Amino acid sequence: MPEGDTVWRAARRMDAALAGARLLSTDFRVPRLATADLSGQRITAVTARGKHLLTRFDGGLTLHTHFRMEGSWHLYRPGVAWSGGPAWQIRVVLTTAEQVAVGYRLAIVELLATSREQDAVGHLGPDVLGPDWDPDAVVAALRTTPQRQIGAVLLDQRIIAGLGNLWRTEACFLAGVSPWTPVGDVPDLPGLVRRAQAMIKAGAHGGHQVTTGSTRPGEEHWIYGRAGRPCRRCGSRILTADQGRMPGRVDDESRRTTWCPRCQAGPAAPAGAVARRGRAGRGAEARSGRVRRPDAGEGGA
């Protein structure tokens with residue numbers, strides 16, 4: 001699933017290209033919106049809320065979309081061929097005089113009253129990249145469930161909106177905390193939250209999902225995407241395992257957790273849960289850890 005910084009950058013690109021423009025036509029290729037037509041309305045803003053994208057129109061409606069694992073928005077000049085995938089994967093097309101925004105493989109596509117946006121995103125906690133970010137509130141929320149494993153609860157979007165697998169994995173490693181540690185046993189919970197937010201913020205503004213300081217291919221991360229390989233610090237073999245279901249996630253699936261058993265001393269994964277080998281995740285982030293620099297027409301990662 002794209003991390004919150006990926007969605008945040010997509011929102012910034014789309015807002016810069018579309019905000020203030022009037023729609024010449026719209027094409028919603030999902031059954032429930034097949035007859036919807038927003039032609040003539042003006043796009044007022046495109047913003048991210050956690051991993052959700054909100055495109056607002058002056059007619060009082062908001063287009064709510066979510067990438068999940070494979071979704072993306074692409075921007076093209078009129079007349080330029082679209083290259084984001086086959087036509088059957090297109091879910092939305094928004095056309096203005098200067099831009100054509102094409103949404104591919106979007107898992108959620110819905111129109112709702114702008115005044116009712118909270119129906120879609122009101123359950124989310126403080127946005128790790130938003131103006132509502134409040135580390136004290138996040139820490140307080142984390143402490144309400146001291147028995148939950150820190151590696152799981154950091155992905156609970158009801159507590160921290162926008163934080164993803166990459167950043168929580170690296171934050172736990174740098175804090176020296178096993179992801180299987182109960183929240184109540186984490187020695188410096190505020191420090192861990194600050195570290196996670198600082199890393200994702202740097203990635204969002206810098207355009208690189210880097211935690212080691214090196215942007216060279218294969219050197220971007222300490223342990224993320226390196227299961228089965230030696231730890232960069234101690235040389236121990238990096239382990240990986242599925243870590244339960246994550247409440248608050250859109251697809252409600254377990255996530256692959258990676259950790260170094262020596263650098264992150266503490267509780268271990270349940271017996272039999274540790275994978276014998278690392279398994280590559282889906283998407284560009286899991287493949288290389290780098291954010292592919294978008295071409296001139298791309299609005300999503």
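This tour visits a pair of helices and then a pair of cysteines in a predicted model.

**First stop: helices H5 and H6**

Begin by selecting residues 165-175, which form helix H5, together with residues 189-206, which form helix H6. Two packed helices are described by the angle between their axes and the distance between the axes. Here the axes of H5 and H6 come within 9 Å and cross at roughly 130 degrees. H5 and H6 are therefore oblique to each other, and their crossing is right-handed.

Next, display the side of H5 that takes part in the contact by selecting Trp167, Glu170, Ala171, Cys172, Leu174 and Ala175.

Now select cysteine 234 and cysteine 260, and display their sulfur atoms. A disulfide is a covalent bond between the sulfur atoms of two cysteines. How many disulfides does the structure hold? The structure holds zero. The sulfur of cysteine 234 has its closest cysteine sulfur in cysteine 260, at 3.5 Å, which is too far for a bond, because a disulfide requires the two sulfur atoms to be within 2.5 Å. Seen from cysteine 260, the closest cysteine sulfur is likewise that of cysteine 234.

Is cysteine 260 buried or exposed? Cysteine 260 has 0% relative accessibility and so counts as buried, whereas cysteine 234, at 26%, counts as partly exposed.

Terms used:
Residues are numbered from 1 along each chain as its sequence is written. This is a predicted model: local features need pLDDT of at least 70, side-chain atom pairs count only at pLDDT 80 or more; totals for chains, interfaces and linings use all residues. Side-chain values use heavy atoms; hydrogens and water are left out. Axes are lines fitted to C-alpha atoms, for helices over the stretch in contact, and angles run from 0 to 180 degrees between N-to-C directions. Helices (H or I, at least four residues) and strands (E, at least two) are DSSP runs, numbered from the N terminus. Angles under 35 degrees count as roughly parallel, over 145 as roughly antiparallel, 65 to 115 as roughly perpendicular and the rest as oblique. A crossing is left-handed if the near helix is turned anticlockwise from the far one by less than a right angle, and right-handed if clockwise. Contact means heavy atoms within 4.5 Å. Buried means under 20% relative accessible area, exposed over 50%, partly exposed in between (1.4 Å probe, protein chains only).
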